[in-house]
Amino acid sequence: MTQDALFASLSRHPDVEADNLFAYDSADALILDEAGDLSGLGVTVVGDRYGALTLGALVRGARHVRVHQDSIVGERALLGNAGHAGRSEFEQLPLASSLVSDARLVLVQLPRSLNALEEIAELIAAHAHPSVRVVAGGRVKHMSLGMNDVLARSFDTVQASRGVRKARVLHASGPRAAAPTWPRRETHDAGGTQVTVVAHGAAFAGASIDIGAQTLIECFSQMPEAPEVIDLACGTGVLGATLALQRPQLLVHAFDASAAAVDSARASAESNGLAERMSVTRADGLEGVASGSAQLVLLNPPFHIGATVHTGIAERLIADAMRVLAPGGELWCVWNSHLGYRGLLDSLGQTRQIVRNSKFTVTATRA
């Protein structure tokens, strides 16, 4: 199979499908082109979305690939695409030393977050071979000079390629190992409750509390009592942890598709003394949770898919949250006021508005 044929066959499934969402782009092709001859090489891939880099490297002659994908949905898409392509010479690993140990070539799909890139760069510099080459690419419109600066803190040399088909690559070499700076932690006053937030680089909002979450936290006193709560798309776990600190008997079940979020939420739970009352699961939505089994669900849904503003993920999460609610149970959701979620919520249950301002709306929807 040629690279072009491989790319044409790639699917996003089981992720959201839409006309403006794609399983690969020109950055994937440019990263592979700039990596050079891969024949017989072991390659490490970080940030592959649906398999374009992993399977592309194998098509171009790599003997084996170690790959990390933050999203569990991306992991499953890679497995599906690999089955279709008849390739299995790869290993899916966490973002840890085992991923990059003694690596000579690392291909990176540049993340949107500079924090995420910094954690990746620090890991490579600390554990890869001294001769490692890093080939990190993305769409030009999503790149910034800050990415060069982040890589330059961990590598002696950082050079940019020419732009090709609206994509560009950054080449880094000469790793400088240093003490890791991730994960990071901050303590905040969240609605009168002192809560410590721990975050890995790819976790949304880092160790801060985003203003959407803060808006929902300020409504906690109005929420009904329940013995257990689900924190869906939990991120760093700040919603579930804060509510658990306010309600000493509460059990929290947190879920997120992101490995960085799950690791962050587990660390946040431990830092707040909640390890025994707060479980964290990496999952696609609420898979595995029985329908009609929950009394209370919290949701601060994402409104991006990658770098694209899209409501598809939020709509799926809202529908899944309503599926698991028992009769009389409630979904408490905070969302960007300009997005049209109220119609969906009204179609799924009895919705009342708790608060609304120019940026965010908090609603409670009863099953």
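Pro183 sits in the loop between β7 (167-175) and β8 (184-190), with helices (H or I, at least four residues) and strands (E, at least two) taken as DSSP runs numbered from the N terminus. The peptide bond from Trp182 to Pro183 is cis, with omega about 0°. This is a predicted model, where local features need pLDDT of at least 70, side-chain atom pairs count only at pLDDT 80 or more, and totals for chains, interfaces and linings use all residues. Residues are numbered from 1 along each chain as its sequence is written, and side-chain values use heavy atoms, leaving out hydrogens and water.

Another cis peptide bond links His13 and Pro14, with omega near 10°; Pro14 belongs to the loop between α1 (3-9) and α2 (26-35).

Now for some backbone angles. Arg165 isn't a glycine, yet its phi is positive at about 50°, and you'll find Arg165 in the loop between β6 (155-160) and β7. Ala233, also a residue other than glycine, has a positive phi near 55°, and its loop runs between β10 (228-232) and α9 (238-246).

On to helix α10 (residues 259-271). Buried residues in α10 include Ala259, Val262 and Ser268, where buried means under 20% relative accessible area with a 1.4 Å probe, protein chains only. Among the elements covering the buried residues are β2 (64-68) and β12 (278-282), through contacts (heavy atoms within 4.5 Å). After α10 comes Gly273, with a positive phi near 70°.

Note on methods
Buried < 20%, exposed > 50% of the residue type's maximum accessible area, 1.4 Å probe, protein only.
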